[in-house]
Each structure stands twice: as C-alpha cells, then as structure tokens.
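The following exercises concern the arrangement of two chains and the fold within one of them. Please study the sequence and the structure before reading each solution.

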Number of protein chains: 2
Amino acid sequence: MPKKDRQLSGVKEIARRANVSIGTVDRVLHNRNGVSPKTRDKIKAIIKELNYQPNLLARRLASKKVIHFATLIPTVSKDTSFWSLPLQGILRAEAEIQQYNIKVDKYFFDQDDKASFVNQTRKILKGKPDGVMLSPDFIDESTAFTNKCSKLGIPFVFMDSDVEGQKSLSYIGPHLFDSGYLAANLVSYILRENESVLLLNISQRMYKHHHLLRKEEGFRAYFTDNSLPNKITKIDIRKGEKLSIEREITSVLSRNKDIRLVFVTNSRVSIVAQALKKLKKKYILIGYDFIEENIKALVDGDIDFLICQKPGEQAYKGVMSLYQNIVLNAPVDRMQFMPIDIITKENYQFYKN
Amino acid sequence: MPKKDRQLSGVKEIARRANVSIGTVDRVLHNRNGVSPKTRDKIKAIIKELNYQPNLLARRLASKKVIHFATLIPTVSKDTSFWSLPLQGILRAEAEIQQYNIKVDKYFFDQDDKASFVNQTRKILKGKPDGVMLSPDFIDESTAFTNKCSKLGIPFVFMDSDVEGQKSLSYIGPHLFDSGYLAANLVSYILRENESVLLLNISQRMYKHHHLLRKEEGFRAYFTDNSLPNKITKIDIRKGEKLSIEREITSVLSRNKDIRLVFVTNSRVSIVAQALKKLKKKYILIGYDFIEENIKALVDGDIDFLICQKPGEQAYKGVMSLYQNIVLNAPVDRMQFMPIDIITKENYQFYKN
DNA sequence: ATTTATTTCGTGTACGTACACACATATAAA
DNA sequence: TTTATATGTGTGTACGTACACGAAATAAAT
C-alpha cells in the first residue's frame, strides 16, 4: 500500500494513465517538442489532475546539467580585509552543494571602481546563471542589474546590504538600524552624564553613505527613546588617507574636551584607533566588523568594542538560500537578519565566523 | 573532466581504490557486519582519506526506509482554536516532504491534563521517530522527554515556546519579551499622560504563567526605557469561567477610573472583549493571537489590536527544520524568532498565515 | 506506389546509493 | 570425506527522473 501511494504520482503513473511512455511525459514536462498537440494536452491535463510535483531529489540526481550560481562581491582590498570572510563562506557553501552538480562562479569588483562592477554584472549575465548573490554596493547599477535578472527569470539575493523595492528572493545581512541602536545601548552603560560622544562617519565612497546613516539613525533613536542627556558630536570624513583623517579627529577632540567615547559607524575604526593612540587622553572606542586590523587593535586595547555580523555566515546563507529555493524549491525568508554580536578583547577568540 | 571530478568521490571510487565491490563499501558505511576486519579498516581509511560525503539526494531516493517525524502539540480545544493553525502548518510541511519518503506522526495532548502529555511522549518514544517537534507546554515533563531524546540521539525542535538549556536543534516561535515591548510601544502612541493601563494575565494553567511574565517584562521594560509616566495596574486571573473573569475585570475598572487601555497578555482577550462590551465606557483593548474568536471581536470593534506570530508558519518551519537537518544534513538556526505582526480591523483580511 | 523526410513516440541507460540475493571460501560438525 | 554453517564478497535491481538513440507512424516528395 505505501508503495502504491508513492507510485500514484510520478511520471510513471502519468504515463500509465495517458497510455504513453515516460519518455513522452518527460517531453511535455520539459516543454520539449516532438509531442503531438493531442497527447500533449492529454498529458498536461493529467499532470494537473494529479497535481504532480516532480521529485526534486531524483531530478537533481539524474540531471546532466550543471546548475550555476554567480556571486558578486568586492575583492579583498588592502584597506579592509573584510571580504575575505564572505569569500570563505561562499567556498564553504560551494563545497557542500557541489556534489549535487552545482557550481558557484565567483565574480569580484573593485569597490572604488563603479565600471568594474558594471563590467562584472555583464559577465555574469553572459554566463546565464541560474541564481545570483550579490553585495549591491552601487545602488543604481545593482538595480539595473537585478532588473535584468528579474526579466530573465534569474532569482537573486542581496547580501550585506539591501536594495529595497527589488524583487529579491532574500536579503541576508545586518539590521543596520538595530545595530546602531545596540551600539547606543552599549554607550549608555559607559557614559557618565556630563560626557559626550563623537560619532564618526568615515567613507570615501559616497554611495555607501546611506548605510552609515541608517546606523546613525538607530544610534540616535536610542538616545531619543531613552532621553539620554549626552551630546553627540558628529563629523563626516570623506578622505581616504590616514594622515588627514587623524588630523580631523585630533582637531575635533581638542575642541570638545567633554568627549570620552568615539563611535565609528563602519569598519574603518582601526584607523581611528591609531589616531587616538597618539593622544594622551584615553578614549573608549566602538566600531564595526570582525576584520584583521580591528582585531589587532582590539587585542592591543585600542578598540574597546566591535559590533559584528558574522560575514562568513552571511555569504554562506546567501548561497544556501539560492540552493534551497532553486534546487529544492523550498520557500526562503525574505529578510534574514544576522544576529548582532558584540566582540571584546575577552571574547574575540571564541567568535567563530 | 567534470565527470571525473564527480566520480572521484562516491562509493564506486572507494570500491575501486580498495579493490572491492560497492556492496562491501556499502556494508562498512552502514556498519553492517559481514566484512572482515582487514578490509573494513582499509575501506574506512579510504573513506577518511577521500573525506567521503554521501550524496544525500541519492541516499534518500534509494532508501527503502521511511523517515518518521513526530509532532506533539495540544489538541484544538473549545476555549481556544489556536492550535488548528499549527496543525495546518504541519500538514503543509508533510505534503511537501512526504514524497521523499517522510512521514509525520501527529500526536496531541490535552492542555489541561499533564498526564496526557506524558502519555503521548511515551507513545512517541515507542515509535522511535527520527526527529521530534514539540510545544513544550509542561516544562518539567518536556525536559524529561527531551533528555531521553538526547540520550537516544533523536533531534528535537521546540515550537511556540522554548525550554532553555536543552540541546534542541532549534526553537521556532515568538520572542516573548520583544512582543511585550512592541505592545508597549503601541500603547505609548495611544495613551495620554494622565491615563493608565490595565495589564491582564489570564491563565488557568500555572505552568504557562512564565510566558505571560516574559511579555509583561517586555511591556514594562518599554515603559522604563522611555520613562513613560502612565501607571500600570496589573491583575492575575486564575479562573476559567467567563463570569468570574468578567466580575474581576469590572471590579478593577470601577476602582480605577483612569484606566483607558487594557492589555491582555495572551489569547484570552476575546473574553475580556465581551466583558468590556457591557460597560458604558469605551476601552482600547490589545491582546494576542490570530484566532477565530479574537478575529470576530476585532471585526466587531471590540478588540483594537492583535499581536500575532503566524502560528501556522511556526509549525511549518519546525517540521521543515527537522527535514533540513536530518535529511539534508544542513545546519539550522538555533533560534528562529517569528516576526511580530500587528493586526487591526483594517488589515486582518490580508494576514495570511 | 515507392522513397524520403518529418513527426511522434518508446526503450535503454545513467545518476549515486540501498539492499536483497547469490556465490565463494573457510570452518565446524557429521 | 561429506555435509552443514558461518563468514566474506560480488551482482543485480530499484528509487524517480533525464536524455540519447532508435523505431514506428505519418506526411511529403518523387
């Protein structure tokens, strides 16, 4: 009886009911030609009637064709090693699903070169992938790209940062607002009433600025929600070289003697650490991301807290979400926010990414 | 070359290297006897060397044996239809995975009868399931049960409520504290300064009380965090019958004329709605759960807000998590908090569970 | 009518694993 | 020495689907 149950669907059963061979059923299932309209309609009707759901495991096993995923992330650059972890996550996911005849084509772009991004998206489309995961750093260009994907029926997921309004399968990354909010919560425990905060938005890249703003919003929201009395001094730094950054910071700090805590809204915090080190006064320093330079500064006591999002996990989940959805046809959460972790000198060694 | 790549692992390759047949390899893989210690060791070494990962798709396809999941949730009782939605979620998950030779055995217990719970857990263990999903309503009994599961190597997931400290695969359910916090946020928009709140914990079942307390904590935390001036009057009601509930409520309200908003920490809110209806004064009423009685009261304007957690989704995810982990061997998030939704008269019809 | 295209369909093999069965060899009992 | 019983190993078929190949049926051309 259980045997029969299973037999009751499947190509064989369809073939039996339609008085044809499974080969013919297979042809209509894949919209291949070589089937007369009459039998095609008949088979289609039976498929509908039985509500046939192909066995995805068997399908993947038997299929000759390789499924291609494309990933598009920044290259690991000198000024931040951030992207090496996501790459590892991608590799880990690939190792896991490669046995199912899935290949992950890895594309990289230069964060400072919009053209390289566009260039890579072109290459990706040329490769006709079955799914795409990208870090949509350049918003307009990402939008143009994912629009094309939508048109071509290629599912895509965003990682690390989101572009709202796009029909992405999923977003996997930090909840920017919340992570700013959390940072402020941390700050509230540390700061005394008469002390104030320096909030630093350091980004050469204009297009990334809205990320920082989200975090800033969250940060300020906490202050408002809890009516904290502390002043927040904010400066935007658009330069790249250390020296001018240091100069700006030193200048602000000398003007605002009540500042005891510096909050950097992104991973550039290690540069700030170096700047603060040269000053006599000891500042509390909070910033983002579990990257080499920052860990080093954390160990040295030059950074007090790092707020992290397991970047490797993010990328891993991104690829696996494609697998879940495309291969296994399983639903995937539209929003997959990564947990927000607080890393200190004491616990960083236990932080597995 | 790609063909070879795939060939390079798999039982066939192992067999080739060990100069045995795949049958023998199969025997060591499954720890079946009938293999000489010498060849067994040899094969084991090769398996390790190749870091052989069985093709799970093929395995499931070929396996004769049915995988059994057991689910344990309350029966749909008269006083709350809450559990019909999770049941539907379970059914939906089952429909999706049943083609992979997976069966879901559904067990139910009476929420008012601890013995029935214990009884069902016994039955479950007798059935030797490959995975279990349960709503751990009775904490001690659940702990005893899941401890046995751990000992037997049976993975389990908690749904709807969590028991901390257990080695569960995952918890899928609401974030109780946050949902209370959110409720308070809602309240803060509604209440004027001189008005106050009535907080109602209605539960006959003592063991469920800590759930309500978590929500209450969250609720109060928001008031503290934002230093809201409004008074919170709280009463615990331990009765079951409507009449005495109504009497208690009426009594408190008559004593506290400044109350304009009633917050019920669970799904029993529809009973409160009926009580409030009889009074002249119009109260704002907020409660929990998308169940029939509550929806009706919502439509009638007797409840203003319902805070929900997509109970069907919860159960669906619970079963699917077992599938992910046990069948596909994919990692599963330890904590899967459901989004907290706010339902009103205006949007309830669009709330798909 | 016969040949030749063309359309339509069936058959066989493969994917990687599970498992029943058959067979061989070795050891024990007759 | 023969028969029985372990013990070890190989072979074949199945799971549900994909796809190449070839056969049959039909249509078009001669």
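**Exercise 1.** How many residues of chain B are in contact with residues of chain A?

*Solution.* The model is predicted: local features need pLDDT of at least 70, side-chain atom pairs count only at pLDDT 80 or more, and totals for chains, interfaces and linings use all residues. Residues are numbered from 1 along each chain as its sequence is written, while chains are lettered from A and ligands numbered from 1 in the order in which they are written. Two residues are in contact if their C-beta atoms, placed from the backbone, lie within 7 Å. By this criterion, eleven residues of chain B touch eleven residues of chain A.

**Exercise 2.** State which rotation superposes chain B on chain A.

*Solution.* Superposition is by least squares on the C-alpha atoms of residues with pLDDT of at least 70 in both copies. The rotation is 180 degrees, with 0.0 Å of shift along its axis and an RMSD of 0.1 Å. This is the relation of a two-fold axis. Both copies use the same surface, as 100% of the contact residues of chain B recur in chain A.

**Exercise 3.** Determine the strand order of the six-stranded open sheet in chain B, and its edges.

*Solution.* Strands are DSSP runs (E, at least two residues), numbered from the N terminus, and two strands pair if DSSP finds at least two bridges between them. The order is E7-E6-E8-E9-E10-E12 in chain B, with mixed pairing. Strands E7 (232-237) and E12 (341-343) of chain B each have a single partner strand, so one side of each lacks a neighbour in the sheet.

Note on methods:
Helices (H or I, at least four residues) and strands (E, at least two) are DSSP runs, numbered from the N terminus.
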